[in-house]
Each structure stands twice: as C-alpha cells, then as structure tokens.
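Please keep the sequence and the structure in view while reading.

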Amino acid sequence: MSIDTQDMKIVHRAFRRESRMLIDLVAAVTPGDTARAALIAAHFRDYRLGLKNHHEGEDELLWPPLLSRVDPGAEVILRMRAQHERVDIGLTKLDVAVPAWEATAGADERDTLVALLVDHRAVLVEHLDDEEAALLPLAAVHITGREWAALGEHMVAHTPKLTLLTLLGLVLEDADRTERATLLGGLPAPVRAIWHVIGRPRYARHIRRVRAA
C-alpha cells in the first residue's frame, strides 16, 4: 500500500515561488533603503530556515530508510544528497551576502545578492523537479505513513512557533481547497485553531508588507 506524497509537492510549490519572488524583491529595493532591506532580509531568513529544516528532515529521516530498502533506487537517493549539498553551498554564500546588503542596502551589495539568489534558485528548482519525478514515487511505495509524518514533526520541532506560522502561510498560499483541507487536517486541533485565530491574519499582514512594492 502506497502513501500520498502530495503534501511535499505543495511545500515545494512554496519554495519555488518564494525563491523567485526574493530575486525580484531584493532587486526592487532602492539603494540606501535599509528599512526595506531589513524587512526582506528577515523574510529571507524565514524562507532559509524552512528550507534548511525541510532538507535536514529528509537527510535524517527519509534517505536512510530508503537506502536500506531500495537497491535499484540507491543512485537516485545519492543524487538527492549531492543536490542538497549544492543547495547548502549556495545558502552559505547567501548567509554572507544577505547581512552585507542589509547593513547598507548598497547597490553593489544588492546586485551581488540578486546574482546569488538567481544561482540558488536554479540549483533548488533542479533538485525539486528531480525529487518529485524520481524520488517521491520511491517514497510512496517504500516509506510508511508514520515515517512520512515524522518529516512534518521534524519541521515543527525545529522551527520557532511564529516562524512556523509564517511558513504555514507560505505553503497554504497557492494551495487549492482540497490541498488546504489536507494540510490543515493533518495538524492537531489546537494548532489549527491557532492558525485561524492568530496565524492567518498575522501572515496576511506580514506578506502585504513584504510584497508592498
């Protein structure tokens, strides 16, 4: 019996969108506007933490059981690991470039950051596309429902609660009604209540400010 891996595709959709929008948001900041740069930098850090925890969850909880069960798929899993390493290299460069730009909102720092974000997105999208085409079909057959659920639990356990609400908003943003019901239905009732009462209006305010330009 296979598991449903659609929720990961919904999460990937958010990473694709935000990695694209970050390029445009940074490029649009007027040189010297440090307040705007700080806002976008903070949004990048939320995105970066979400991506980090998403990938670390896979590294720790998904690749090892798959490697032990799927001999023909070992090449795919090792390729996923190599792609994660390439994404990490880009993120390390961004960890230097973002605060350098944030400090002064300088034009040169902005242009450097935009170029790194473009490179980051190219590597990330290549990985996400490959993962969905080659890896998720293996996971659907060889990973248990409990093991799959552990990926979401890892994200929750390693993300500050307010950041988690922002990330949930990012993931739900482009989800259709059925996808939203599936994602929210997998959360504990108290978490769903917090999202509706606090998280949803907070996210709406946050994303309006981020995308104000």
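With which residue does Asp-129 form a salt bridge, and how far apart are the closest N and O atoms? The partner is Arg-16, and the closest N and O atoms are 2.8 Å apart. The model is a predicted one.

**Salt bridges around Arg-16**

- A search of the whole structure finds 16 salt bridges.
- The bridge between Asp-129 and Arg-16 links distant parts of the chain, with Asp-129 in helix 4 and Arg-16 in helix 1, 113 residues apart.
- Asp-129 counts as partly exposed because its relative accessibility is 40%.
- Arg-16 has a relative accessible area of 17%, so Arg-16 is buried, the cut-off being under 20%.
- Arg-16 also meets the side chain of Glu-132 in a salt bridge, at 3.2 Å from N to O.
- This second pair again links distant parts of the chain: Glu-132 lies in helix 4 and Arg-16 in helix 1, 116 residues apart.
- Both Glu-132 and Arg-16 are buried.

- Arg-17 forms a salt bridge with Asp-174, and the closest N and O atoms are 2.9 Å apart.
- Asp-174 lies in the loop between helix 6 and helix 7 while Arg-17 lies in helix 1, so this pair ties together parts that are 157 residues apart in sequence.
- With a relative accessible area of 40%, Asp-174 is partly exposed.
- Arg-17 is buried because its relative accessible area is 6%.

**Largest pocket**

- The volume of the largest pocket is about 1300 Å³.
- The largest pocket is lined by 44 residues, and the closest to its centre are Gly-152, Met-155, Val-156, Leu-183 and Leu-187.
- Two or more lining residues come from each of helix 1 (6-27), helix 2 (34-69), helix 5 (145-157), helix 6 (161-172), helix 7 (177-185) and helix 8.
- Helix 5 gives the largest share of this lining, nine residues.

- Rolling a probe the size of a water molecule over the atoms shows where empty space is left.
- One cavity of 30 Å³ or more is counted in the model.
- The largest cavity has a volume of about 30 Å³.
- The residues that line the largest cavity are Leu-22, Val-26, Ile-40, Ala-41, Phe-44, Val-98, Trp-101, Leu-113 and Leu-117.
- At least two residues of this lining are supplied by each of helix 1, helix 2, helix 3 and helix 4.
- Helix 2 gives the most to the lining of the largest cavity, with three residues.
- Ala-41, one of the lining residues, is found in helix 2.
- Ala-41 counts as buried because its relative accessibility is 1%.
- Leaving aside neighbours within four places in sequence, Ala-41 is in contact with Val-98, Trp-101 and Glu-102.
- Among these contacts of Ala-41, Val-98 and Trp-101 also line the largest cavity.
- Ala-41 and Pro-99 are 7.5 Å apart in space from C-alpha to C-alpha, and 58 residues apart in sequence.

- Gln-83 lies in helix 3 (residues 74-104).
- The relative accessibility of Gln-83 is 6%, so Gln-83 counts as buried.
- Apart from neighbours within four places in sequence, Gln-83 is in contact with His-127 and Asp-130.
- Ala-105 is found in the loop between helix 3 and helix 4 (107-142).
- Ala-105 is not a glycine, although it has a positive phi of about 55 degrees.
- Ala-105 counts as buried because its relative accessibility is 2%.

**Nonpolar surface patch**

- Ile-194, Val-197 and Ile-198 form a nonpolar patch on the surface, and together they have about 280 Å² of accessible area.
- Ile-198 lies in helix 8 (residues 189-210).
- With 44% relative accessibility, Ile-198 counts as partly exposed, because that value lies between the 20% and 50% cut-offs.

Terms used
Residues are numbered from 1 along each chain as its sequence is written. This is a predicted model: local features need pLDDT of at least 70, side-chain atom pairs count only at pLDDT 80 or more; totals for chains, interfaces and linings use all residues. Side-chain values use heavy atoms; hydrogens and water are left out. Helices (H or I, at least four residues) and strands (E, at least two) are DSSP runs, numbered from the N terminus. Buried means under 20% relative accessible area, exposed over 50%, partly exposed in between (1.4 Å probe, protein chains only). Contact means heavy atoms within 4.5 Å. Patches are made of residues with over 30% relative accessible area and no salt bridge: like charges are joined within 9 Å, nonpolar side chains (Val, Leu, Ile, Met, Phe, Trp, Tyr) within 5 Å. Accessible areas come from the Shrake-Rupley method with a 1.4 Å probe; for residues, only the protein chains shown count as cover. A salt bridge is a side-chain nitrogen of Lys or Arg within 4 Å of a carboxyl oxygen of Asp or Glu. On a 1 Å grid over the protein atoms alone, a cavity is a set of points where a 1.4 Å probe fits but cannot get out, and a pocket is an open set with protein on both sides within 12 Å along at least five of seven lines; lining residues have an atom within 4 Å of a point. Grid points are joined across faces, edges and corners, and a volume is the space filled by probe spheres set on the points.
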